[in-house]
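Subject: Structure handover

Hello,

Here is the structure we talked about. Please open it alongside this message; my notes follow below.

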Amino acid sequence: MDNGVLAYRALLEKRKEKAPFWEKNVLTVEEAAEYTGIGRTKIRQIIMKGDCPFAVTNGVQVCVIRDKFIDYLDKQFSI
């Protein structure tokens, strides 16, 4: 690959690591568990039910769209 492309990719990775997870729009299951206090296993169970409006796959990894996940939780678990 071109050195410019590799430098840009490294810059993007560095920028991604700097952002705290509560400011990210797309979270990993582990980050979503830390953000909401819900266990990783429970989040994965909700995702595996099917017709999940807040989950996307990034190759093998499942990611959670933070805003849609919070809306889903508000509708499901309102007090």
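**Glu31 and its surroundings**

Beyond its neighbours within four places in sequence, Glu31 is in contact with Phe21, Lys24 and Val26. Keep in mind that this is a predicted model. Glu31 is found in helix H2. Is Glu31 buried or exposed? Its relative accessibility is 17%, below the 20% cut-off, so Glu31 counts as buried.

Glu31 forms a salt bridge with Lys24, and the closest N and O atoms are 3.1 Å apart. The Glu31 side chain also reaches the backbone nitrogen of Thr28, at 3.1 Å.

Arg44 is partly exposed, with a relative accessible area of 39%. Glu30 is also partly exposed, at 33%. Glu31, by contrast, is buried.

**The chain as a whole**

Now the layout. The chain has four helices and three strands. From the N terminus on, the elements run α-β-α-α-β-β-α. The chain has 79 residues, and buried residues make up 23% of them. Its accessible surface comes to about 6,200 Å². Carbon and sulfur atoms account for 53% of that surface. As for contacts between residues at least 6 apart in sequence, 39% join residues at least 24 apart.

**The sheet**

In what order do the three strands of the sheet stand? The order is S1-S3-S2, in an open sheet with antiparallel pairing. Strand S1 (26-28) and strand S2 (55-58) stand at the edges. Each has a single partner strand, so one side of each is left without a neighbour in the sheet. The twist averages 40° from one strand to the next.

Take the pairings one at a time:

- S1 and S3 run antiparallel and are joined by three bridges. Leu27 has Val64 in S3 as its bridge partner.
- S2 and strand S3 (residues 61-65) run antiparallel and are joined by four bridges. Ala55 has Val64 in S3 as its bridge partner. Asn58 stands opposite Gln61 in S3.

The hairpin of S2 and S3 has two residues between the strands. Which residue takes a positive phi there? Gly59 does, with a phi near 75°.

**Helices on the sheet**

Helix H2 (residues 29-36) lies across S1 and S3. H2 runs at about 100° to S1. Helix H4 (residues 66-76) packs on the sheet and touches S1 and S3. The direction of H4 makes about 70° with that of S3.

**Ile70 in H4**

Ile70 is found in helix H4. Which residues does Ile70 touch, not counting those up to four places away in sequence? They are Tyr35 and Thr36. Ile70 and Ala32 are 38 residues apart in sequence. In space they are 9.8 Å apart, C-alpha to C-alpha. Ile70 has 27% relative accessibility, so Ile70 counts as partly exposed.

**Where to look**

Finish at Ile70, where Tyr35 and Thr36 are touched.

Best wishes

Definitions and conventions
Residues numbered from 1 in each chain as written. Predicted model: local features only at pLDDT ≥ 70, side-chain atom pairs only at ≥ 80, totals over all residues. Heavy atoms only, no water. Pairing = 2+ DSSP bridges. Axes fitted to C-alpha atoms, helices over the stretch in contact; angles between N-to-C directions. Contact = heavy atoms within 4.5 Å. Buried < 20%, exposed > 50% of the residue type's maximum accessible area, 1.4 Å probe, protein only. Polar contact = N/O pair within 3.5 Å; in protein donor to acceptor, adjacent residues only side chain to side chain. Areas by Shrake-Rupley, 256 points an atom, 1.4 Å probe, with all protein chains shown as cover. Salt bridge = Lys/Arg side-chain N within 4 Å of Asp/Glu carboxyl O.
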